[in-house]
Amino acid sequence: RDRSVSRGLGDVYKRQQKNRFLAILLCVLGLFGLAGLHRLYVGKYVSGILYFLTAGGFYIGTICDLYALSKGSFKTADGLPLK
């Protein structure tokens with residue numbers, strides 16, 4: 001198998017649009033102790049881990065992200081909108 005082909009498929013998978021409903025669901029779970037899962041889902045790994053360690057920025061970050069997700073202005077790490 002050609003390595004360049006497999007690497008190319010991984011890039012396509014990473015750049016797929018993510019599901020907005022799933023991101024909202026994961027964000028709501030952050031209000032119950034699983035903060036940061038929505039950020040990990042969209043590829044924002046560093047802030048996802050920070051949210052996990054700080055309970056979503058003491059819930060303020062999670063609530064702000066939930067608002068942005070509901071308005072449709074939340075983007076993935078690649079800058080793509082959620083579908």
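In which helix is Asp65 found? Asp65 belongs to helix α6, and the points below start from the overall fold and return to this residue.

1. Basis of the note. The model is predicted, with local features requiring pLDDT of at least 70 and side-chain atom pairs counting only at pLDDT 80 or more, whereas totals for chains, interfaces and linings use all residues. Residues are numbered from 1 along each chain as its sequence is written, and side-chain values use heavy atoms, with hydrogens and water left out.

2. Secondary structure. The chain contains six helices and zero strands; helices (H or I, at least four residues) and strands (E, at least two) are DSSP runs, numbered from the N terminus. In sequence order the pattern reads α-α-α-α-α-α.

3. Burial. Of the chain's 83 residues, 25% count as buried. Here buried means under 20% relative accessible area, exposed means over 50%, and partly exposed lies in between (1.4 Å probe, protein chains only).

4. The salt bridge. One salt bridge is found in a search of the whole structure, the term denoting a side-chain nitrogen of Lys or Arg within 4 Å of a carboxyl oxygen of Asp or Glu. Its partners are the side chains of Asp65 and Arg39, at 2.8 Å from N to O. The pair links distant parts of the chain, with Asp65 in helix α6 (residues 60–71) and Arg39 in helix α3 (residues 37–41), 26 residues apart. Asp65 counts as buried because its relative accessibility is 6%; Arg39, at 11%, likewise counts as buried.

5. Polar contact of the pair. The side chains of Asp65 and Arg39 are also joined by a polar contact of 2.8 Å. Such a contact is a pair of N or O atoms within 3.5 Å; within protein, one must be able to donate a hydrogen and the other to accept it, and residues adjacent in sequence count only if both atoms are side-chain atoms.

6. Leu66 and His38. Leu66 also has its place in helix α6. Its relative accessibility is 21%, so Leu66 counts as partly exposed. Leu66 and His38 are separated by 28 residues in sequence and by 9.5 Å in space, C-alpha to C-alpha.

7. Nonpolar surface. Leu29, Leu34, Leu40, Tyr45, Ile49, Phe52 and Leu53 make a nonpolar surface patch of about 700 Å². Patches consist of residues with over 30% relative accessible area and no salt bridge, like charges being joined within 9 Å and nonpolar side chains (Val, Leu, Ile, Met, Phe, Trp, Tyr) within 5 Å. Accessible areas come from the Shrake-Rupley method with a 1.4 Å probe, and for residues only the protein chains shown count as cover. Helix α4 (residues 45–53) gives the most to the patch, with four residues. Tyr45 is found in helix α4 and, at 54% relative accessibility, counts as exposed.

8. Charges over rings. Lys18 lies over the face of Tyr41, 5.3 Å from the ring centre, and Lys44 lies over the face of Phe74, 4.3 Å from the ring centre. The criterion is NZ of Lys or CZ of Arg within 6 Å of the ring centre and within 35 degrees of the ring normal.

9. Backbone points to inspect. Ala55, a residue other than glycine, has a positive phi near 55 degrees; Ala55 lies in helix α5 (residues 55–58) and is partly exposed at 32% relative accessibility. Tyr59, in the loop between α5 and α6, has a positive phi near 70 degrees. At 38% relative accessibility, Tyr59 is partly exposed.
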